[in-house]
Amino acid sequence: MEQNTKAQIAITGGIGSGKSTIAKMVQIMGHPVFYADIEAKKIIDSDPETKSQLISLFGKDIYDTNGKLNRQELAKIIFNNNNAKEKVNAIVHPAVWDKFCEWSKGFKCSAVFMESAILHECGWADRFDKIICVTANLETRIKRTMERDNCSREQVVARIKNQLSDEEKISKSHYVIYTNDNCSELEQLLKTLEKIL
Ligand code: ATP
C-alpha cells in the first residue's frame, strides 16, 4: 500500500486571530491548504451520508427545501439539548477528517496544511506533525471580528468564550505567529516554514 509520507501541518487560532489570512499566504506560496471550517459546511450541505445521519437524529426540518442546512433550526435544537452539539460533532468531524485524508492524497509534495479553528476541540492535534498557532492580542481580535462580521462586541466576546483560549492553544502548539498591528506576520511565517519544511 502507498504510504502517505507528507508532513501534515495545522494552522489554528481563535476568532479574529488572522489564521485564515496566514493560511491564504501559505496557499499563495504554493502549498496545499485544506480549510476545515469551509469543508465542514460543504459536507453538512452536500454529503448524502452525513445528511441522512443528521436527519435521522434531528428530523428533516434541519434542511430547507433546497437541501441546505437550516442553521437556525439546528441552533434551536442545540440550544435546547445539551448533547445535540456533541452528536453533530461526532458525525461531522470524522467526515471532515476523512475528506482531509482523501484530499491530501491528491498532492505530490512534502507537506499539506489544514486551517482549523477547532483543531484541539476536535481531538486532532496529535495527528499533525506540526501545529502553528496564529494569535493577536484580545482587543485586536475583537475589533477585527466586529469589523469583518459587522457584529457587536458582546457577540464576539461570547464566541471567543466558547472556544479554547489562545493561551491554551499556544501551549499546545509548536510555533506561534503574532499578527498584532506592529508585527511582521510574513517574516514570522517564512521563518516558521523554513524550520518546518
Ligand atoms: P475566524 O476564525 O473568525 O474566521 P480568522 O482567525 O480566520 O478568524 P481572519 O479572517 O484571517 O481571522 O482575520 C480576521 C479579520 O482581520 C479579517 O478581516 C482580516 O482581513 C483581518 N486581519 C487578519 N490579519 C490581519 C493583520 N495582520 N492586520 C490587520 N488585519 C488583519
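Let's start with two helices, α3 (residues 48-58) and α5 (residues 84-104), which pack at an angle of about 170 degrees with their axes 10 Å apart. That makes α3 roughly antiparallel to α5; angles over 145 degrees count as roughly antiparallel, under 35 as roughly parallel, 65 to 115 as roughly perpendicular, and the rest as oblique. The axes here are lines fitted to C-alpha atoms over the stretch in contact, and the angles run from 0 to 180 degrees between N-to-C directions. Helices (H or I, at least four residues) and strands (E, at least two) are DSSP runs, numbered from the N terminus.

Before going on, a word on where this comes from. This is a predicted model, where local features need pLDDT of at least 70, side-chain atom pairs count only at pLDDT 80 or more, and totals for chains, interfaces and linings use all residues. Residues are numbered from 1 along each chain as its sequence is written, and side-chain values use heavy atoms, leaving out hydrogens and water.

So which residues of α3 and α5 meet? On the α3 side we have T50, Q53, L54, L57 and F58, and on the α5 side A84, K87, V88, I91, V92 and A95. Contact means heavy atoms within 4.5 Å.

Take T50 in α3. Is T50 buried or exposed? T50 counts as buried, because its relative accessibility is 2%; buried means under 20% relative accessible area, exposed over 50%, and partly exposed in between, with a 1.4 Å probe and protein chains only. Leaving out residues up to four places away in sequence, T50 touches I43, I44, I91, V92 and A95.

K51 is also placed in helix α3, and at 18% relative accessibility K51 counts as buried.

R141 and S17 are 124 residues apart in sequence, and 5.6 Å apart in space, C-alpha to C-alpha. R141 counts as buried at 5% relative accessibility, and among the residues it touches are G14, S17, I160 and D166.

On to salt bridges, meaning a side-chain nitrogen of Lys or Arg within 4 Å of a carboxyl oxygen of Asp or Glu. How many are there by this rule? The count comes to 11. One of them joins E39 and K42, whose closest N and O atoms are 3.3 Å apart. Both lie in helix α2 (residues 36-46), three residues apart, about one turn of the helix. E39 is buried at 12%, while K42 is partly exposed at 43%. E39, K42 and K99 are linked in a network of salt bridges.

Another pair is R153 and E139, at 2.8 Å from N to O. R153 lies in helix α7 (residues 153-161) and E139 in helix α6, so the pair ties together parts that are 14 residues apart in sequence.

Last stop, the surface. M29, L186 and L190 form a nonpolar patch there, with about 250 Å² of accessible area together. L190 belongs to helix α9 (residues 185-196), and counts as partly exposed at 45% relative accessibility. Patches are made of residues with over 30% relative accessible area and no salt bridge, joining like charges within 9 Å and nonpolar side chains (Val, Leu, Ile, Met, Phe, Trp, Tyr) within 5 Å. Accessible areas come from the Shrake-Rupley method with a 1.4 Å probe, and for residues only the protein chains shown count as cover.
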